[in-house]
Structure formats: structure tokens, C-alpha cells
Amino acid sequence: MSRRGFTLIELLVVIAIIAILAAILFPVFARAREKARQSSCSSNAKQLALGHLMYVQDYDEMFSGRGKTGGVVPDRSWMKLIEPYIKNTQIFICPSDSGPHAWRDGTSSYGINCRAIGADSPCYRLADLTKPAETALLQDHDNACAKAGATCACGCGGVPSLQTRIATGCRHNEGANVAFCDGHVKWLKGDQLNPVLNGGQNPIYNR
């Protein structure tokens, strides 16, 4: 009794179907994986925001600002100031950020919006914020200047620094997580980040 095997054409058709399915499903799986990282990052940002608010309550409602990193007073960076309220320095690093980091030197995956809460002493008080739920506190970003050896720990920066940080900080499905001064966290699309961090004519930045 003879057995009939697959022909070459049939095998090629099966391979082509598998390749098509893979091409369709791989991007879906990648986005789902990134969505999970985005959720983990959101949790990090939430804890950092709550750490800031605990710091604020302990220091007469005064924000830490970005502090100083490197150079003269390395222990005054915002990351160092809120470390006692965090206990886990891993949350300073976004799971989607594969760049090198040394959080004590200002290369966290997250940056303070010093345009809203103040850069260095004296900083703003919580009572100075007329709309804390609409005021960005910190956000995903690429701290390019700190990686280059500068002493900046903020996440707003100037132009073109701001544009660079926004472009490289949109790690989560073309957007980034932003923690606001009331403690809540929201994912924003990349084109929404510029006005949020830059202030001016947008409603989210409103002291």
C-alpha cells in the first residue's frame, strides 16, 4: 500500500500561511508586552509621586525641586531626598528603559517637572499649586544631559533638550506615564507631553 506525502507546493503554502500569521501576531504580542511594562512603569511613577508627597508633608509642604546632582552637593538630588520614603531604588528605573543608569547621579528614567514645582531652593509649596491634579510632577523621560555628565535631574529641560527627552521618553506605545501633583498617574501620547512639561497655554500645567 502506497502512502501519499505532502507535495512541495502544499508545504510552501503551509509555510506561507505560518509566516503571514506570525507577521500579524508578533506586533500584537509586542504591544501586549509593552503594555505590561507600561503598567509596571505606572506603578513606579505612582510610588515616586507618593514619596514626593510624603516628603512635602515632612518639609512644611515644600517640594524638593530637582535638587543638585554630581559636582558640589550630590546628596541633594530629588532622588536622594525621597529615597527614605521609597526604600526600593529599582523603581527609579522604567522597565522599558534599557539605557545605563546610576540613579544617585541623576540618570533615573523619570524626571522632575521643575517648571511646575521649582528647580533648586527655594522651591514651590504645595499650596502654591492652584490645580495640583492638572500639574505634572514627574514623567518618563530620557535624562540625556545627566548621561552626558551634566548636573541636571529635571525632566522638562529647554528646547531642543525638551524635544529630545520627549522623543526618547515615549517608551510606552508612543506615549509616556506622567505623575501629577495630587499623586495620580496618567499615560499621555507623545504629542501631549510638550505642552504638559513646557507650561504656557495648556490647562494641565496651571499653578
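Analyst: D60 follows α1 and has a positive phi, near 55°. This is a predicted model: local features need pLDDT of at least 70, side-chain atom pairs count only at pLDDT 80 or more, and totals for chains, interfaces and linings use all residues. Residues are numbered from 1 along each chain as its sequence is written, and side-chain values use heavy atoms, with hydrogens and water left out.

Start with the course of α1. Helices are DSSP runs (H or I, at least four residues), as are strands (E, at least two), numbered from the N terminus. α1 has 51 residues. From first C-alpha to last it reaches 74 Å, close to the 75 Å expected at 1.5 Å a residue. That expected span is 1.5 Å times one less than the number of residues. α1 bends by about 25° at L25, and a proline, P27, follows within four residues. The bend is the angle between axes fitted to the seven residues ending there and the seven starting there.

Now the buried face. Buried means under 20% relative accessible area (1.4 Å probe, protein chains only). Buried residues of α1 include E34, Q38, C41, N44, L48 and H52. Among the elements in contact (heavy atoms within 4.5 Å) that cover them are α2, β1, β2, β3 (175–180) and β4 (185–189).

Last, the core. A nonpolar core is a set of buried Ala, Val, Leu, Ile, Met, Phe, Trp, Tyr and Cys residues joined through side-chain atoms within 4.5 Å. The largest has 26 residues; L48, F63, W78 and L138 touch the most other members. α1 supplies its largest share, 6 residues.

Key
Buried means under 20% relative accessible area, exposed over 50%, partly exposed in between (1.4 Å probe, protein chains only).
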